[in-house]
Amino acid sequence: MILKYLFGKNEAIPVGSAAIFFGFSSILWFVIGTGLGSFNAAKLAFPDFVTGTEMFAFGHMRQVHVLAVIFGWISMAFAMAMMYITPILGNTRLWSEKLGLWNCMMWNISLALGLTLLWMGVTSGREYSDFPWPLDLAVAAFISIPLAVNVWMTIIKRRTQGIYTTNWFFAAATFMLIIVFLVGNLPEYFHLTGLTEAYMTWWFAHNVLGLWITPVAAAIAYYVIPKVTGNPLYSHRIGHLHFWSIVVFYSTPAAHHLMSAPLPEWLKSFASVEGVLILVPAIAFVSNILLTMQGKWNMFVENLEVRFTVVGVLLAIPLNMQGGFQQTRSINWYIHGTGWMVAHAHLALLGFSTFLEAAAVYLGLQTLMKRKLYSLTLGNLHFWLLLIGFSTYWISMTIAGLIQGAGKIYEVPYIDVVIAEHPYMIARWLGGTMVFSSTLIWLYNMWMTAREGTVIPAGRMPSELAYER
Amino acid sequence: MNFREYKIGSRMFGLAFGLSMSITLLFPSFDLAASIVSEVGLDKQLTSGWDSGWQLSDPFLNGLNKPLKVLVRKDPKSGESIEPVYAYVYPAGTSLPNGVTHTANLGKGVEELSVKEGRIKEAKKENGAVFLIKQSDKAQTFENRPLSYMENATATKGWTPDEVLKQAADSDILHAGSGKTMFVREGCWWCHTLLPEQTQDWQVFGAPPMLGDFNGESPTAFGSDRKGPDLLHVGSRNASREWMMLHFFNPRLVQPHSIMPRFDYLWGEVDADGKKIDFKKWRSEYDEYREGKITTPPEVPMYAKNSEIRNLIDFVVNLK
């Protein structure tokens, strides 16, 4: 069926096909990515677990997990959100469903290919820009450029006069992703070396987090809360503040990933200051969204999409408080390179980001397929396993990180640090496995929704129907 | 896009993003480009070769297209004993180091010395070359530090790669360049950093790297979050190949609480005597040892001269 649409006329493709394809792809990558994560965590907790083969060595598998969740789950969920939210906000249809379908198909194929090669050891040796440059060109050509074109053309051809906050973020982020990706991979295209190469690698990594993941996740909340609660956004002006402060404050602190390296000190200081200022868009965002909930807090309990979104927004509070201050020299020296950073990364990607995308995918798939969620019980199970699993992971790794930091101060043999963090490695594995099992439940629930969910009558929203099962 | 606000907004966006990229990318590039390579940096660059990550000449990161670091004890031309010196041998067809292909990488002072006295630009990839690190009596203006520079011994002394390799014993040849590729491929840098951080870290793991220690090295592989000891100066703390062998085959042989995975597969098929290694038997004997059924663990096979583990151990032991 997909082949029929891929090679047919754009007009013949049903509205929402690209978004649905992206939605289910993203959930599948979520299953794969978290499964890999659980597998890796087991190796850290139980070192002789599947050890002794090159393909299953931690060093080969670690980054396959990271890139699968970032470019598979998170980015595809973003693409799904863009495919259905951008047109609605412009009171129009997606510019090209066909391009969207091709985008998703090529995305799946190139990501699978890239990850398989990475698994085999084909790596550039640079964190986050691990793919060798031919694959980078494929990523740019098949993933980021088609997505940006689709989103931009949909906004340009809109039938409303104004552009809503969500679409500012979607447009800016898709554009910036292309620039960040191409510039960030310059060390590979032009074989830059030394500290320049190290710095550009982290400039890329930082800006993928700050100019792609953060704004798009936030933009989702700007849509879901007003849409589902029926309240208008609390403040358009704060939305402006949020948007502009992300662009200026989040694009500049890349050097804060390399505070211990011999980079120019002025650059590190500049980065630190800008990094603390990230609290400005953070507080703007959290306050704007939470104040939009006024009078509708009962929906936090009663409605699954609102619950996911608000939890994601709430997690942004510790995330940005941590992030703003942990990148100052006074704190960074202690926690750099420890499990605290791993915990922070998961707070951002598994906490803040995942909860928001899950809301978007839940809402989007139900709306586009015109089917009510198959089972509230399974939805709740997904939510609680995800939240408790994530929290276990986050708390255990934060503690482990603080212990590792102490290892930098006290002259203990390094092995004492490894012994001390062992129970937290087990806790982390348990938390991550809970997350993995929750994704399986979610996949089943959405599949059953597609097949047996109650049909939503035309003109109604999913939240207007009662939950079943 | 009809609103005037969007025209103004787009231009503001371009200005903001452009300014941000200028400050964070363009300006630091001036500072970084002005760095002068140190002796440590020259050693690292010459040992690792052109690139230790993915490249067209080594797409599966097997360690191809890499130089050798050789301890020269006898003059390759005359055969007489000389003061031992490390030479960096680039066999014919090996990509030349970045300081040779882009001399600006070396920095002011070192660049002039290397080109004029070292004659590095005469090196040709097809013929291969042998490089040495030379101390000059010229000093850097900053801190009066003496400058080290690169010398192309093939041009200045007539040493060819084959001659140097012929007169060297296998134990004097370090395959550290290929070893760094192993380090990158096997993902050692995901757990072991190459960057001691601050204060007590320096006391345990050694001096942090200086600006100039990285010129021409690619990828720098500082490491990610540390789950094992920093390795920047591990060769100075632990140069025992026997320990390394045991540790790589199964870390828990020498460090029972280690969480490092086993790298026994890097031994390949055969050991140093050409005998096939029976991994299954080794593992079951090890399990028996762990359960207390036998009192000593099984012996780790000596690695073959051309195995991947040889390259990796050469690299690690060379991290002085």
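**Architecture and contacts of a predicted two-chain model**

Chain B contains twelve helices and five strands, where helices (H or I, at least four residues) and strands (E, at least two) are DSSP runs numbered from the N terminus. The model is predicted: local features require pLDDT of at least 70 and side-chain atom pairs count only at pLDDT 80 or more, whereas totals for chains, interfaces and linings use all residues. Residues are numbered from 1 along each chain as its sequence is written, and chains are lettered from A and ligands numbered from 1 in the order in which they are written.

The C-alpha trace of chain B spans about 80 × 65 × 40 Å along its principal axes. Of its 320 residues, 46% count as buried; a residue is buried if 20 or more other C-beta atoms lie within 10 Å of its own, exposed if 12 or fewer, and partly exposed in between, with C-beta atoms placed from the backbone. Two residues are taken to be in contact if their C-beta atoms, likewise placed from the backbone, lie within 7 Å. Among contacts in chain B between residues at least 6 apart in sequence, 72% join residues at least 24 apart.

Chain B is assigned domain 1 (39-175) and domain 2 (183-317), the bounds coming from an automatic or database domain assignment. The C-alpha centres of domain 1 and domain 2 of chain B are 26 Å apart, and the contact takes 19 residues from domain 1 and 15 residues from domain 2. On the side of domain 1 of chain B that touches domain 2, H2 and helix H3 (98-101) of chain B each supply at least two residues. The largest share of that side, five residues, comes from H2(B). Its residues divide into five nonpolar, eleven polar and three charged; here Ala, Val, Leu, Ile, Met, Phe, Trp, Tyr, Cys and Pro count as nonpolar, Asp, Glu, Lys and Arg as charged, and the others, Gly among them, as polar.

B:Thr47 is located in helix H2 (residues 39-48) of chain B. This residue is buried, with 26 other C-beta atoms within 10 Å. Beyond its neighbours within four places in sequence, B:Thr47 contacts B:Lys69, B:Tyr88, B:Ala176, B:Gly177 and B:Asn318. Elsewhere in chain B, a cis peptide bond with omega of about -10° joins B:Ser218 and B:Pro219. B:Pro219 lies in the loop between helix H8 (200-205) and helix H9 (234-237) of chain B.

The contact between the chains takes 62 residues from chain A and 63 residues from chain B. On the side of chain A that touches chain B, helix H8 (residues 194-229) of chain A gives the largest share, seven residues. The residues of this side comprise 31 nonpolar, 23 polar and eight charged.

Not counting residues up to four places away in sequence, A:Val216 touches A:Phe78, A:Phe169, A:Phe170 and A:Ala173.

The 20 residues of helix H6 (residues 165-184) of chain A should span 28 Å at 1.5 Å a residue, and its end C-alpha atoms are 27 Å apart, which agrees; the expected span is 1.5 Å times one less than the number of residues. Because 15 of the 20 residues of H6(A) are buried, this helix is largely enclosed by the rest of the structure. Buried residues of H5(A) include A:Val139, A:Phe142 and A:Pro146. The elements covering the buried residues of H5(A) include H3, H4, H6 and helix H7 (186-189) of chain A.

Most residues other than glycine have a negative phi. A:Val50, not a glycine, has a positive phi of about 45°. A:Val50 lies in the loop between helix H2 (17-45) and helix H3 (58-89) of chain A and counts as partly exposed, with 15 C-beta neighbours inside 10 Å. A:Tyr128 has a positive phi of about 75° and is found in the loop between helix H4 (97-119) and helix H5 (133-156) of chain A. With 20 C-beta neighbours inside 10 Å, A:Tyr128 counts as buried.
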